[in-house]
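Hi,

Here is the structure I promised to pass on. Have a look at it first, and my notes follow below.

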Amino acid sequence: MNNIKRITEFFGLSSSYTDKMGIPHNTNNKLREEFLKSLNYSTDKMDIENFLWHNGISESLSFFKSDKKIIDIYLPIEYLKNKITYQFISDKKNFPIQQIKNYKVVENKLINKVKYSHIQFNAIFPNDFGYYTLKINANNFKFQSFVIFAPDYCYFPESIEKNKQKLLGLGVQLYALRSKSDMGVGDFTALKKLIKQVSKMGCDFVGLNPLGAMYKDSVSDVSPYRTLSREYLNYLYIDLTVENDFKESDYVQKYISTNSFKKEVEILRNSDIVDYKKTLNLKLCILEKMYRHFCKTQINTSRWKRFLKFKDDENLINLCLFESLLETNDDFWQNWQPSKKNLTLKNRNILIKENKRKIDFYAYCHFIAKEQLLSVVNLCKKLKMKVGLYLDMPIGAASNGAEVWQNQNAFAINMDIGTPPDTIRPKGQTWGLCPLKPFDLKKDYKVFIHLLQKTFECAGALRIDHALGLMRLFWVNKYGNGAYVNYNLKDMIAIICIESHKHKCIVIGEDLGNVPDGFREYIGKHKLLSNKILFRQKDKDGAFLSTKKYPYFSLSQVSTHDQATSCGFWVNSDIEANNDCNLYPKKSQYIDSLKERQKERVAFIKALEKQNCFYHNKDSFKSCVNGNCVPKNLEYSFNMYGAKTGSCFYMIRIEDIVRQTSMQNVPSTVDEYPNWRIKLPVYVENFSTQNITQFFKEIKKCRK
């Protein structure tokens, strides 16, 4: 058998890494064996050293527009005496067959008494960017590669870049928006109300949490980064009341007129915490009645035809089938009967036939959600917002979700994604997400491309969560031990560049955490915006980074959903939440965090002084320097500082405007904290009375 270290490195597993605290870690053989098992490969007879020589070409090749189009192939020397041809094939056409006449011999090698030659040739590429199969034929020795041909950069509006415009946006957790007409959770109508207000104040984009479909019986594990599907929407966010199927259905009107319904909605609306299970099941009950009305009244109408067109999507049908099966089966598909667990073509056809009505119903729910989100997009365009919606794509698929179930061969099912321990998360993190197998992924990147295409559809800008995963992901086994697994960064970025241009969508790569050397420089070269967090941007001496040092191609913000709000940062809300959830293995780590925060408060006062960012409250800051209270107008001062950065995008957290101190999410917890459930303390209809106009006015001044 080949050396296990060489085999696992070939498949992407790193043999060592250094964590953020500077501590080196080596990958042991037990973890290597688990890694190979998770890939489900038989490696006993695999000749790793000579894989390319036997295969003829790399599984995937990526080229940017400015790259030299040099292709490497490997073949027995005797075939060089004969005609060698290549051909590009796309899903639209077969391009002319070309003969390789001039080539360069790079290396010769003797393998099992056969002489091979590694040669390079200059290929004539198709004119259009996109995905191709490259077929090579050398004396009937045929082999092929998946080729990605991409523009050099992600899409970025020339008008913004040319004039070095600096845009202003608002970050919102959609579920947290409160409206006087909602059913217990923020919805697309509440979002529209907010957009109408802030667009008048110079807001160029509104950033949202991931909007993927979720489990209807979720109670505590309600992370928008861990859903049934990242490709299709969560119908929890539908405003049912604006739909004709709601207004015109006798079934619906009778149901909502009952005292029990009115009482339940009132309880859900008035609660400070989102009750996902009750709210989603309540909406599904009404959606069932709406669907009955839809089927009775809309057949053969233009809306019906739009629905049929929307439903003509294999991945959507798989998701709706999955949702149908969840009604009578365990939440973990891994526990299902083999006929349901294994989605063979035969099983799929049988299950679709058995669950047709339910599948059509769930497709209807997704259809309404998509149409309502598109109406939000159209509103942004009508209001002439420069970007519109800034959406968020999670880096991994939920291990018990539909994405993994329908693509089991593409994912390492027994592994999780997370991060190594660091000073902020001393226990490290695991996220309940399944990683894609890098070697299988390279064959055609089908899963990744489809995901991007779906998430780009409604986005003016797209944030790729934990973008470091485009280069490497930290795989964790069930015992909490982990190592980094490498992916082909060039391939991934090239695909993103293609889809970004197709959909005219700006891309932000969330580059926080244990960042590999050269990663930020590489994504910056291709115009993926870096994500800069004020609370993390420090010089070596501990001083907060000067606003002049922020690169233009970046999005900056005071903090993110996984960190304290501005007010919460000042009074240690995040540190106390981590301590309450037992995330500090040692009490000394909790105490050290409090001491470090005290230094940070002092450092921030100095930074605000240098940039003249105190908003009539310098004395208030100094009197609250110990974190015993929140300084007056702190939210103004912090965001004025952030807005002065050189970043082309600056995003205000809506929690800052309303002076919220509680965190939206405490990473590495599920039941210990009400993650992703805390609502804003203000109704969206009342924002104009909460100084939002004045807030935007002051922050906008700093963007010039």
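**Strand S24 and its neighbours**

Strand S24 and strand S25 (residues 554-557) pair in the parallel sense, over four bridges. Helices (H or I, at least four residues) and strands (E, at least two) are DSSP runs, numbered from the N terminus, and two strands pair if DSSP finds at least two bridges between them. One of the contacts here is Lys532, whose bridge partner in S25 is Ser556.

Before going on: this is a predicted model, where local features need pLDDT of at least 70, side-chain atom pairs count only at pLDDT 80 or more, and totals for chains, interfaces and linings use all residues. Residues are numbered from 1 along each chain as its sequence is written, and side-chain values use heavy atoms, with hydrogens and water left out.

S24 also pairs with strand S23 (residues 506-509), again in the parallel sense, over two bridges. Ile508 stands opposite Leu529 there.

How covered is S24 (residues 529-533)? Mostly: five of its five residues are buried, meaning under 20% relative accessible area with a 1.4 Å probe, protein chains only. Leu529, Asn531 and Ile533 point one way, while Ser530 and Lys532 point the other way.

**An antiparallel sheet**

Elsewhere, four strands form an open antiparallel sheet, in the order S18-S17-S21-S22. Its edge strands are S18 (429-430) and S22 (482-486), each pairing on one side only. S17 (residues 416-419) is joined to S18 by two bridges, and Gly418 has Thr430 of S18 as its bridge partner.

Cheers

Note on methods. Buried means under 20% relative accessible area, exposed over 50%, partly exposed in between (1.4 Å probe, protein chains only).
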